[in-house]
Amino acid sequence: MKFTLGWLKEHLETSASLDEIVEALTRVGLEVEGVENPGEKLAGFRVARVLTAERHPQADKLQVLTVDTGEGAPLQVVCGAPNARAGLVGVLGLPGAVVPVNGMQLKVAAVRGVESNGMMCSTRELELGEDHEGIIELPADAPVGTPFAGYAGLDDPVIDVSITPNRQDCMGVRGIARDLAAAGLGALRPLGEVYRMVNGPIAGEGPGPDVRTDDPQGCPAFFAQQVQGVANGESPEWMRRKLTAIGQRPISVLVDITNFVMIDLGRPLHVYDKAKLQGGLVARKAKPGEQVLVLNGKTYTLDETMTVIADDAHVHDIGGIMGGEDSGVTDTTTDVVIECAYFDPEHIARTGQKLGLTSDARQRFERGVDPAFLDEGLAIATWLVVEHCGGTASTVTRAGEPPVGAKVLSYDPALAETLGGLAVPADRQKAILERLGFAVDAGWNVTAPSWRRDIDGPADLVEEVIRIEGIDKVPSTPLARDPGVARPTATAEQKLERRLRRTAAARGLHEAVTWSFISEAQAAPFGGGAWTLANPISEDMKVMRPSLLPGLLAAAERNVKRGAQGVRLFEIGRRYLADKERLTLAVVLAGSRSPRGWQAGKAQPFGAFDAKAEALALLEAAGAPVPNLQVMGEAGDVYHPGQSATLRLGPKTVLAAFGMVHPSVLKAFDLDGDVAAIELYLDALPPKRGTGFMRPAYAPPALQPVTRDFAFLVPSTLAAGDLVRAVKGADKAAIVDARLFDVFTGTGVPEAQKSLAVEVTLQPAEKSFTEADLKAIADKVVAAAAKLGASLRS
């Protein structure tokens with residue numbers, strides 16, 4: 001929301017400086033995003049008078065001017081404007097000035113052999129309009145030598161304020177002035193003083209325009225007034241100057257009036273060329289498939305949920321969002337219908353989101369304009385039209401009723417201290433609320449003004465009091481703290497996440513934070529999402545992610561395409577399934593595992609066993625019983641068949657999935673090469689058993705361990721992990737560890753078999769093992785292996 005300081009002071013009677021106003025705006029909750037002075041870009045441009053104008057000796061269309069700048073000797077300037085002549089007062093850009101329209105810096109230069117000391121400027125070159133047919137012509141009595149920005153009133157600072165969605169009342173300059181007046185920076189001028197309607201609002205003659213509303217939910221109220229015999233042309237200078245200063249392009253006086261009233265008072269309007277209408281105007285629901293060409297030059301297809309303004313022939317307006325091209329006013333317009341309607345905020349928001357269409361009007365209607373300001377808004381707009389375009393106004397046609405019901409709240413002034421943390425005297429609170437437009441009776445029943453639809457309860461009134469009194473006045477009070485050592489507050493889940501983050505980072509993985517919302521296309525390879533947003537930020541953020549991998553794969557794709565050789569990303573977050581959201585850790589390994597070098601030669605890609613190693617390391621850090629885990633099956637359609645698996649605690653409890661990502665998934669994310677991925681399902685981890693506050697002291701074994709090696713011939717399809725697990729469980733009292741140290745196929749090994757060598761660690765307890773003990777343990781190991789089809793290799 002932009003406005004100039006001078007514009008604000010038309011509503012706010014104040015002597016406060018710009019700095020004081022900017023500070024107060026932020027203090028009352030209207031954050032100032034920036035302040036700029038448009039006059040600064042016109043530094044170096046002065047009011048100047050042409051003394052003589054002679055034909056250029058080398059060019060028929062150029063003239064050599066002698067220009068009085070108000071100081072020193074006159075300057076010689078070469079000019080090609082057809083209206084340049086002796087006696088003309090215009091705007092001269094001196095050497096060193098920068099032309100706003102193109103950024104060109106003026107300097108002394110020869111033009112066709114004649115020296116030129118600057119440039120006489122047109123309105124387009126100074127970004128003050130579209131006219132480029134000739135140079136600017138100022139009144140003959142304009143003070144020569146005066147900086148043009150000051151003379152034209154263009155040195156008025158522009159303030160840019162960020163308006164939060166709940167403050168629809170501040171989407172107009174008057175609402176902002178009201179807040180500043182309540183904060184003590186002056187007095188709010190009466191509206192009749194700002195709009196000096198000498199004879200009061202125009203009563204109108206003859207019947208009003210034919211309008212009605214057939215959609216009371218979308219458009220509860222449709223007011224309109226007709227003006228005949230208007231002359232549409234250029235807006236008055238003061239209006240063009242205000243609109244230009246805040247970045248609005250002046251179009252014509254009729255269009256500019258609607259834009260001016262919208263920004264000044266927060267009241268959107270629309271003007272129709274009556275000659276282009278066929279029959280009366282009606283606010284109704286669109287018919288499925290109806291189309292309308294709107295003012296941005298695009299055609300939109302409508303559905304039955306959208307409110308439109310139409311005549312007997314077709315749709316002319318997407319209600320409350322944007323007007324149609326077919327009924328827009330032009331320079332030849334003579335009769336107009338001025339629309340001042342109330343549109344339901346929820347309907348406006350849904351329509352805008354469906355169409356992907358935004359506008360200044362939509363921003364105001366979907367926040368909720370003042371439903372009690374239809375008559376006054378229409379009266380002001382009609383007065384401005386008659387004042388600047390001439391014509392005769394009709395009476396007002398009022399169709400429907402705006403939702404003007406008063407909202408009364410019971411309020412206790414003590415809430416300012418108990419809820420807001422600041423003791424404010426009751427009379428001061430009453431004064432603040434009344435200056436903001438609230439009505440307060442003796443029993444502290446507070447009636448909210450019609451322009452404050454965001455006020456729902458006493459807490460909102462506390463907010464109003466505190467922000468105007470000053471949030472900076474709220475004392476900083478520390479929370480009460482129990483004596484002694486502070487107790488730990490982190491939950492078991494938080495501790496687990498911290499531990500996993502440290503472990504992942506220590507293993508060279510980089511943490512990523514991706515959106516919980518993804519597109520339908522990204523969710524499709526993962527079986528689609530169970531939850532789809534009804535009101536997404538965009539189509540690319542419509543589905544609640546069923547997995548963390550889509551976000552990581554998209555991040556990997558961006559990094560690889562920007563030259564990253566090896567991408568190692570992890571994320572801890574939640575995936576959203578049909579039954580609940582589940583805590584998950586996901587890892588994506590893309591690109592090169594190790595760069596090319598003299599030892600390994602080519603760069604080595606990531607493989608499924610790299611993913612397995614990371615999964616086991618992270619599960620161990622999470623406290624999972626890694627030695628008891630089983631490698632089972634394939635990880636699902638997302639992973640490459642034969643190059644993926646799951647880690648399970650028993651046949652049903654899946655703790656992790658790992659492996660190479662399926663080529664079809666990589667294609668969906670535009671990734672080339674091999675990519676490995678891991679998913680740890682942290683919600684499936686078995687709960688840690690309580691062992692008391694202290695662990696027993698570690699006592700190392702008194703006797704040394706003994707190792708024995710076994711080589712088995714096993715079916716080639718047998719997983720080595722199954723054999724190791726069976727061997728380790730052969731004698732739980734004596735065997736403390738077992739590990740695979742060799743895999744061999746080839747000479748001496750029968751076809752469809754392989755040789756697995758396992759090292760078994762035996763730990764004696766009270767006495768050393770005898771040969772008989774060792775043989776008995778070995779027999780148990782061989783017997784356990786035999787159950788899996790293994791035989792001792794001779």
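Trainee: How much space lies in the largest pocket, and which helix gives the most to its lining?

Mentor: In this predicted model, the largest pocket holds about 900 Å³ of space. Among the elements that each supply at least two residues of its lining are α17 (608-621), β34 (639-649) and β38 (735-744). The helix that gives the most, with six residues, is α19.

Trainee: Which residues are the closest to the centre of the largest pocket, and how many of its lining residues are charged?

Mentor: The lining of the largest pocket comprises 32 residues, and the closest to the centre are K612, V631, A719, A720 and G721. By class, 19 of the lining residues are nonpolar and five are polar. The number of charged residues in this lining is eight.

Trainee: How many cavities of 30 Å³ or more are there, and which helix supplies the largest share of the lining of the largest cavity?

Mentor: The count is one cavity of 30 Å³ or more, and about 30 Å³ of space lies in the largest cavity. Its lining consists of G218, T307, G319, F343, H347, I348 and T351; by class, two are nonpolar, five are polar and none is charged. The largest share, three residues, comes from helix α8 (residues 345-355).

Trainee: In what order do the strands of the open sheet with β24 lie, and which residue is the bridge partner of V440 in β26?

Mentor: Three strands form this open sheet with antiparallel pairing, in the order β24-β26-β25. The edge strands, each pairing on one side only, are β24 (407-410) and β25 (439-440). Strand β26 (residues 445-448) pairs with β25 over two bridges. In β26, the bridge partner of V440 is V446.

Trainee: How many salt bridges are there, and what is the N to O distance between R582 and D579?

Mentor: The count comes to 42 salt bridges. In the pair asked about, R582 is partly exposed, with a relative accessible area of 21%, whereas D579 is exposed at 52%. Their side chains meet in a salt bridge with an N to O distance of 2.5 Å.

Trainee: Where do R27 and E23 lie, and is E23 buried or partly exposed?

Mentor: The side chains of R27 and E23 meet in a salt bridge, 3.3 Å from N to O. Both residues lie in helix α2 (residues 18-27), four residues apart, about one turn of the helix. R27 has a relative accessible area of 21%; E23, at 44%, counts as partly exposed.

Trainee: Which helix holds both D779 and K775, and which residues do salt bridges that share partners join into one network?

Mentor: D779 forms a salt bridge with K775, the closest N and O atoms being 3.2 Å apart. The two lie four residues apart in helix α20 (residues 771-786). The network joined by salt bridges that share partners consists of R167, D169, D179, R452, D454, E464 and R467.

Key:
Residues numbered from 1 in each chain as written. Predicted model: local features only at pLDDT ≥ 70, side-chain atom pairs only at ≥ 80, totals over all residues. Heavy atoms only, no water. Pairing = 2+ DSSP bridges. 1 Å grid on protein atoms, 1.4 Å probe; cavity = no way out; pocket = protein on both sides within 12 Å on 5 of 7 lines; lining within 4 Å. Points joined across faces, edges and corners; volume = space filled by probe spheres on them. Nonpolar A, V, L, I, M, F, W, Y, C, P; charged D, E, K, R; others polar. Salt bridge = Lys/Arg side-chain N within 4 Å of Asp/Glu carboxyl O. Buried < 20%, exposed > 50% of the residue type's maximum accessible area, 1.4 Å probe, protein only.
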